[in-house]
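Me: I'm new to this one. Can you walk me through the structure?

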Amino acid sequence: LEGVAGAAGMVVGRAVLTDRFHGTPEAPRHFATLSVIVSFAPIAAPVLGGVILGVASWRMVFAVLTGFGVLLVLGVLAWAPESLPPSRRHSGGVGTTFRAIAGLFGRRALMGYVLASSFCGAALFTYIAGSAFVFQDVYGVSPTQYSLIFAVNALGMLVGGIVFGRVASRVRINTLLAVGLGTALAATAVLLLALLTTGGGLVVTWICLFLVIVGFGLVLPASTTIVQTLGHDAPGATSGLLGGTQFVLGAAASPLAGLFGTDSPTPTAAVMLAALVLSVLALVSARPWQGHGETVRLSGSSTTREA
């Protein structure tokens, strides 16, 4: 039930922003805020859970989740009215939704950006799954020290999202996407090279992973903005496709590092690098230099390039 609610919240959130801000210069900033929340939450949650367990029993975790649930229900009732105009609403069901999603597969640019974002998400989930083994089992840090490292890296995601939100109105979104993906790819490659040649070390690994997470902070809001712009005629189906692909690839990638052993950071870094290379290839297939999904200012107005 927690998973269903969380998935619905992410899908509906992206669809609502598409309904309200499609084609406006404000869209990237709002998608950046949403992406920061969605991406920051799974990184910050283990830290919060550790704090709770440090002062109370495991039962308190469920009490806190209940409190969050109550706040979310009240927030939806108070501040989240239906955003889709009546003229665009239709009856249907699960079948209609899946047919709408299937219709998106034929859009080359949209699918390229979806896969670019999803493979990047796979690298992020690999980091989340493998970082505890890397820092605690390999480098011997304590659970408290690991929570600190995890929290600092989470701030890197926050920094990337804030930077994107601030500059997206002045810099091409595709450029920000490429910069973020390039940063994550380069930092992961440097980490893997260091591990293979010098054995790396705690400081080198931490710095490289921090830069990777900063890159993710740019990639995720940029790709979400572009994907939802390209699929604005079916915002819910587009959001569902994006989220579903991200989590399917994330779930598939996360165990891979463990299959090759947990006594070295190298498998985690290698799986992350492979996922990021696939992300780059997917982005190239979308031909970002054509400016898909960009909001372009013309004579004081704004138009959206959706081709």
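**Cysteines and helices**

Reply: Start with the disulfides: the count comes to 0. Keep in mind that this is a predicted model.

Me: Is cysteine 120 buried or exposed?
Reply: Cysteine 120 is buried, at 1% relative accessibility. Cysteine 208 is buried too, with a relative accessible area of 7%.

Me: Where is the kink in H5 centred?
Reply: On glycine 130, with a kink of about 45°. Alanine 129 sits in H5 as well, which covers residues 108–138.

Me: Is alanine 129 buried, exposed or partly exposed?
Reply: Alanine 129 is partly exposed, because its relative accessibility is 31%. The cut-offs are under 20% for buried and over 50% for exposed.

Me: How far is alanine 129 from glycine 106?
Reply: Their C-alpha atoms are separated by 33 Å. Along the chain, the two are 23 residues apart.

Me: What follows H5?
Reply: Glycine 140 does, and its phi is positive, near 75°.

Me: Which residue other than glycine has a positive phi?
Reply: Arginine 287 is one of them, with phi near 55°. Most residues other than glycine have a negative phi.

Me: Where does arginine 287 lie?
Reply: In the loop between helix H11 (266–285) and strand S1 (295–298). Arginine 287 is partly exposed, with a relative accessible area of 34%.

Me: New topic. Which helix holds isoleucine 226?
Reply: Helix H8, residues 202–230. Isoleucine 226 counts as buried because its relative accessibility is 0%.

Me: What does isoleucine 226 touch?
Reply: Leaving out residues up to four places away in sequence, isoleucine 226 touches Tyr113, Ile173, Asn174, Leu177, His292 and Gly293.

Me: How far apart are isoleucine 226 and leucine 177?
Reply: They are 49 residues apart in sequence. In space, the distance is 9.6 Å, C-alpha to C-alpha.

Me: And threonine 245, where is that?
Reply: In helix H9, residues 235–253. Threonine 245 is buried, with a relative accessible area of 17%.

Me: Which residues does threonine 245 touch?
Reply: Val114, Leu115 and Ser118, again not counting residues up to four places away in sequence.

Me: What residues does the "transmembrane region" annotation cover?
Reply: The unreviewed UniProt entry gives that annotation to residues 31–54, 60–80, 110–134, 146–164, 176–197, 203–227, 239–260 and 266–284.

Me: What is the chain like over 146–164?
Reply: It is 100% helix and 0% strand there. The end C-alpha atoms are 27 Å apart.

Me: And over 266–284, how far apart are the ends?
Reply: The end C-alpha atoms are 27 Å apart, and the chain there is 100% helix and 0% strand.

Terms used:
Residues are numbered from 1 along each chain as its sequence is written. This is a predicted model: local features need pLDDT of at least 70, side-chain atom pairs count only at pLDDT 80 or more; totals for chains, interfaces and linings use all residues. Side-chain values use heavy atoms; hydrogens and water are left out. Helices (H or I, at least four residues) and strands (E, at least two) are DSSP runs, numbered from the N terminus. Buried means under 20% relative accessible area, exposed over 50%, partly exposed in between (1.4 Å probe, protein chains only). Contact means heavy atoms within 4.5 Å. A disulfide is a pair of cysteine sulfur atoms within 2.5 Å. The bend at a residue is the angle between axes fitted to the seven residues ending there and the seven starting there. UniProt positions are given in the numbering used here, feature names are shortened, and annotations may be inferred rather than shown by experiment.
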